[in-house]
Amino acid sequence: MALLFFGKDPNSDIDECPSVWVEEDTADLVLQGWKPDETIKAECLMAGGVPDTEEIIRIPARMVPQIREACDAAERRAADLR
C-alpha cells in the first residue's frame, strides 16, 4: 500500500495535526483528524451508529484546499484504476 501525502494542518503542532493522504491502490482518501467533543459526537450518532471499524473525526476548515487537491487526485487515480 502506498500513500500520496497532501498535507498537514499548517496551524497545528507538527506531531499532532490533521493530515490528508490518498491511497494509491484504491484511490481512497485517508484522513487523520481530531476526536470530536461529546456534543458533536452525539449529534453525529443521531444519524446512526458508528461501527467499531469507523470513527468520527474533525478536520479544520483551513484544510479544505488540501482536501480538495487530494479529492481531485483520488478522482484521477480512480479513473486510472478502471
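Predicted model: local features only at pLDDT ≥ 70, side-chain atom pairs only at ≥ 80, totals over all residues.
Next, colour Gln66, Ile67, Ala70, Ala73 and Ala74, which are the buried residues of α2. Look down the helix axis: these buried residues fall within an arc of 125°, so they line one face of the helix. Then turn to the face of α2 that points away from the buried side, where Pro65, Arg68, Glu75 and Arg76 are exposed.

**The sheet.** Hide the helix and select the strands. The three strands form an open sheet in the order β1-β2-β3, and the pairing is antiparallel. β1 and β3 are the edge strands; each has a single partner, so one side of each has no neighbour in the sheet. From one strand to the next, the twist averages 20°. Zoom in on β1 and β2, which pair in the antiparallel sense over five bridges. Phe5 is found opposite Trp21 of β2. Bring α2 back: the helix packs on the sheet, touching β1, β2 and β3, and its direction makes about 165° with that of β1.

**The core.** Which residues make up the largest nonpolar core? Select Phe6, Val20, Val22, Ala27, Met63, Ile67, Ala70, Ala73 and Ala74, nine residues in total. The largest share, four residues, comes from α2.

Leaving aside neighbours within four places in sequence, Val22 is in contact with Ala2, Leu3, Leu4, Phe6, Ala27, Asp28, Leu29, Ala70 and Ala74. Of these contacts, Phe6, Ala27, Ala70 and Ala74 are also members of the core.

**The whole chain.** Zoom out to show everything. The chain has two helices and three strands, which follow the pattern β-β-β-α-α along the sequence. Its C-alpha trace spans about 40 × 30 × 20 Å along the principal axes. Of the 82 residues in the chain, 26% are buried. Finally, draw the contacts between residues at least 6 apart in sequence: 46% of them join residues at least 24 apart.

Key. Residues numbered from 1 in each chain as written. Heavy atoms only, no water. Core = buried A, V, L, I, M, F, W, Y, C linked by side-chain atoms within 4.5 Å. Buried < 20%, exposed > 50% of the residue type's maximum accessible area, 1.4 Å probe, protein only. Contact = heavy atoms within 4.5 Å. Arc of directions from axis to C-beta. Pairing = 2+ DSSP bridges. Axes fitted to C-alpha atoms, helices over the stretch in contact; angles between N-to-C directions.
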